[in-house]
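Open the model in your viewer and keep the selection tool ready.

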Amino acid sequence: MSTQNGYGSFHAKKIEVANQIQFHGASDDTNTVTLNCADPASDYTLELPSAAGTLMTTSDDVELSQIDINGANEESSPANTNEIIVYNGTDNKKMTLATLAGLSDFDSSVAGTDGQIVVYDSANAQQAVSMSGDASIANDGTITLADKPSVEKVCESNKFIHLDSNRDCSNINVLEAATVAGDNVEVGNSTNRWQFNIDSSGHLELRYSSDSGSTWATKQVFNNA
């Protein structure tokens, strides 16, 4: 077959062959490339693109730059059964969206337990933690403060309140004999009372009343100078 290169060019508008066309190549005619056609079940037309390039075979690798998705329509309703192509470092493989969603590397959610919240640590990684201190949170978002008063307490206007030695809000008490009125602070029972008063000069007076506050006697004056 060494004379194949000497036959020159062949021009035709249409060529019909049985099922094979053989190519010997320009430099080596020992080996051949055969373009073979299986028995067609109907009339088919294979269109060659109007562009320069190389035909690919099933054994060729596909580079990402060779894939053009600009003309593809967007899939607005993807299903778990839809498939994508991934490269595992050796071969191209197909994978369903359901398999992709199940991969831990793609799962951004953090495992937690009932009533925990998700926070970010110093490495900006998500962590599920339980609230501590005086507050807790339920799985419906309700926040509960542990040290709120166990029962409702009331206090009259201008009265003092005090807490117990643990500063526990559940033990709020009202100092019924202590009042605040303007510049005066009074402490005492209904008959005997002591009063701190700011006089017109800005001095602090300690005064005493033995008649339920009808009259006052100044016991001590603290000068502001």
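Predicted model: local features only at pLDDT ≥ 70, side-chain atom pairs only at ≥ 80, totals over all residues.

Start by selecting tryptophan 194, which is partly exposed at 41% relative accessible area.

Residues are numbered from 1 along each chain as its sequence is written, and side-chain values use heavy atoms, without hydrogens and water.

How many aromatic pairs are there? The count is one. Rings of Phe, Tyr and Trp (its six-membered ring) pair if their centres lie within 6.5 Å; planes under 30 degrees apart are stacked, over 60 edge-to-face, the rest tilted. The rings of tryptophan 194 and tyrosine 208 have centres 5.0 Å apart and planes at 50 degrees, so the pair is tilted. Tryptophan 194 sits in strand 12 (residues 193-198) and tyrosine 208 in strand 13 (residues 204-209), so the pair ties together parts 14 residues apart in sequence. Strands are DSSP runs (E, at least two residues), numbered from the N terminus.

Next, select Val17, Ile21, Leu35, Cys37 and Leu46. Of the 24 residues lining the largest pocket, these lie nearest its centre. Strand 1 (20-23) and strand 2 (33-36) are the elements giving two or more residues to this lining. Strand 2 has the largest share, four residues. A pocket is an open set of points on a 1 Å grid over the protein atoms alone, where a 1.4 Å probe fits, with protein on both sides within 12 Å along at least five of seven lines; lining residues have an atom within 4 Å of a point.

Definitions and conventions:
Buried < 20%, exposed > 50% of the residue type's maximum accessible area, 1.4 Å probe, protein only.
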